[in-house]
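Here is a short briefing on one protein model and its ligand. Keep the structure open while reading.

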Amino acid sequence: MDAFVIQGGNPLRGEIKVNGSKNAALPLMAAALLTNQPVTLEGIPRLADIGNMRRLLIELGVDIEEQPDGLRFQATDESASHARYEIVRTMRASICVLGPMLARRGIARVSLPGGCAIGDRPVDLHLRGLEALGAEVSLDSGDILVKAPAPGGRLRGGRVFLAGPFGPTVLGTANVMSAATLAEGVTIIECAACEPEVVDLARLLNAMGAHIRGAGTPRIVIEGVKELGTAHHRVIGDRIEAGTYMMASAMTRGDLTIRDCPLDALLATWDHLERAGVALTVIDESDPMRASIRIRGTDAIQPVHVTTNPHPGFPTDLQAQMMALLSMASGNSSITERIFPDRFLHVAELSRMGARLFRQGPTVIVSGVRELIGAPVMASDLRASASLVLAGLAAKGQTIVRRVYHLDRGYERMETGLASLGADIRRVREEELPLIE
Ligand code: EPU
């Protein structure tokens, strides 16, 4: 296993380009199952989760080729229908093959994803949505088994309400929307997730010949078609990666220019950072999803009250990083987590670095300290790991972040990007650590 060794205190300066979005890419890749024609995706990031999805799609009969204009996917053998536990357990997002496989192949068997470090993460809404399209759902030996109404038959359009106790579901919306493209008749998804990744998926599906209206709003209307075909699509930039770099610059008193920034998808983050006293400037927003922005840190971060919410609210995927930032504010902030009320594994680790955090249920009071102090810490999930890296960059002294494989799931060689901006950060094997500590 790898670890990062970070010597804190260097301001981040220079320019960085945002990679393609992981959370957009995963359902886009799964959409290749909806046709036997080639689908080419440009800007797929090189991440562990993407590697897992590639393996899964290959098992499901999809040929994948690197082309000059992106990755080309083509389902050449449509006989398989089983997403096995061995792959699903490495990546919960494997669930997004469920809708496409059901719609095209009439049957899908996907190992039921277990809980993960950030909470229980049920899939009841995905299943309820597919049932509303006429699918038969059962559980068999730990697998979800979904079947179209008649053998080899088509799904039929229906009305689907997709909100649960914590709001709409992003991958559930992706699954039902994808499945409905090939259903007979019209489907209305009410309380659909409005995330930019859902909009990106709708754009690809429409380019493949689907008829989807309203993606990005709570009501999506899909008129089913008989077949989908070939398309070429460029993945949107990763708003969470961009937001993480924005916070890294703010915390290190840096001066960073971010290119290809999906600014239009980051307005809540922008607003909260501005309230925290961070200087943000737009350099070029001729394409608001590929903007250039500049972020300068401040000597006095102001406390802010943050509540995570479904898009366009403040994203849960930036909650941990925001907590690292507010740990250094001059005053008391609060952070309330409304999407995953237990997503607080970073709290204990940030506390080891001197952050003063008091958790009560889904809320953490963050009592700002003048400085964080480097310490050995352990990464536990993707975004918690990112928050520890940010804290390490800003802290006094040396921080060692173990288990950075969590980070590699969602950030492409993060240490290389940060080092190019002046950070003192290197990747080592954990076996080498006793020599360093
Ligand atoms: N939920 C249910 N029932 C369901 C599905 C979800 O109750 O059937 C609940 C969840 O437990 C949660 C809330 O609804 O409380 C929202 O979950 P959602 O389904 O939207 O999450 P997801 O689609 O599984 C995606 C991202 C997550 C991100 C969430 C929320 C991908 C691959 N994952 O997950 O990203 O946190 O949306 O925005 O797109 C990450 O990148 O670090 C990450 C965890």
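## Briefing

Helix α10 (residues 319-326) is largely enclosed by the rest of the structure, because eight of its eight residues are buried. The model is predicted. The points below cover that helix, the ligand site, the salt bridges and one loop serine.

**Helix α10**

- The buried residues of α10 are Gln-319, Ala-320, Gln-321, Met-322, Met-323, Ala-324, Leu-325 and Leu-326.
- Buried here stands for under 20% relative accessible area.

**Ligand: position and shell**

- The ligand is surrounded by 24 residues.
- Leu-125, Thr-169, Asp-317, Ile-339 and Arg-383 are the closest of them.
- By class, the shell holds 13 nonpolar, four polar and seven charged residues.

**Ligand: polar contacts and burial**

- The side chain of Asn-23 places an N or O atom 3.0 Å from an oxygen atom of the ligand.
- Arg-343 has a side-chain N or O atom 3.2 Å from an oxygen atom of the ligand.
- A nitrogen atom of the ligand is 2.8 Å from a polar side-chain atom of Asp-124.
- On its own, the ligand exposes 830 Å², and the protein buries 92% of that area.

**Salt bridges between separate elements**

- The whole structure contains 27 salt bridges.
- Asp-140 pairs with Arg-109, and their closest N and O atoms are 2.7 Å apart.
- Asp-140 sits in strand β8 (residues 136-140) and Arg-109 in strand β7 (residues 107-111), so this bridge ties together parts 31 residues apart in sequence.
- Asp-140 is partly exposed, at 30% relative accessible area.
- Glu-197 and Arg-239 also form a salt bridge through their side chains, with N to O at 2.8 Å.
- Glu-197 belongs to helix α7 (residues 196-207) and Arg-239 to helix α8 (residues 239-251), so the pair ties together parts that are 42 residues apart in sequence.
- Both Glu-197 and Arg-239 are buried.

**Other salt bridges**

- The side chains of Glu-65 and Arg-72 form a salt bridge, with an N to O distance of 3.9 Å.
- That distance still counts, because the cut-off for a salt bridge is within 4 Å.
- Glu-65 is partly exposed, with 41% relative accessible area.
- Arg-72 is partly exposed too, with 24%.
- A network of salt bridges links Asp-2, Asp-408, Arg-413, Glu-415, Arg-427, Arg-429 and Glu-431.

**A buried serine in a loop**

- Ser-94 is found in the loop between α3 (85-88) and α4 (98-105).
- Its relative accessibility is 0%, so Ser-94 counts as buried.
- The Ser-94 side chain reaches the backbone oxygen of Met-91 at 2.6 Å.

**Points to check in the view**

- Are Glu-197 and Arg-239 buried or exposed? Both of these residues are buried.

Terms used
Residues numbered from 1 in each chain as written. Predicted model: local features only at pLDDT ≥ 70, side-chain atom pairs only at ≥ 80, totals over all residues. Heavy atoms only, no water. Near = heavy atom within 4 Å. Polar contact = N/O pair within 3.5 Å; in protein donor to acceptor, adjacent residues only side chain to side chain. Areas by Shrake-Rupley, 256 points an atom, 1.4 Å probe, with all protein chains shown as cover. Nonpolar A, V, L, I, M, F, W, Y, C, P; charged D, E, K, R; others polar. Buried < 20%, exposed > 50% of the residue type's maximum accessible area, 1.4 Å probe, protein only. Helix = DSSP H or I, 4+ residues; strand = E, 2+ residues; numbered from the N terminus.
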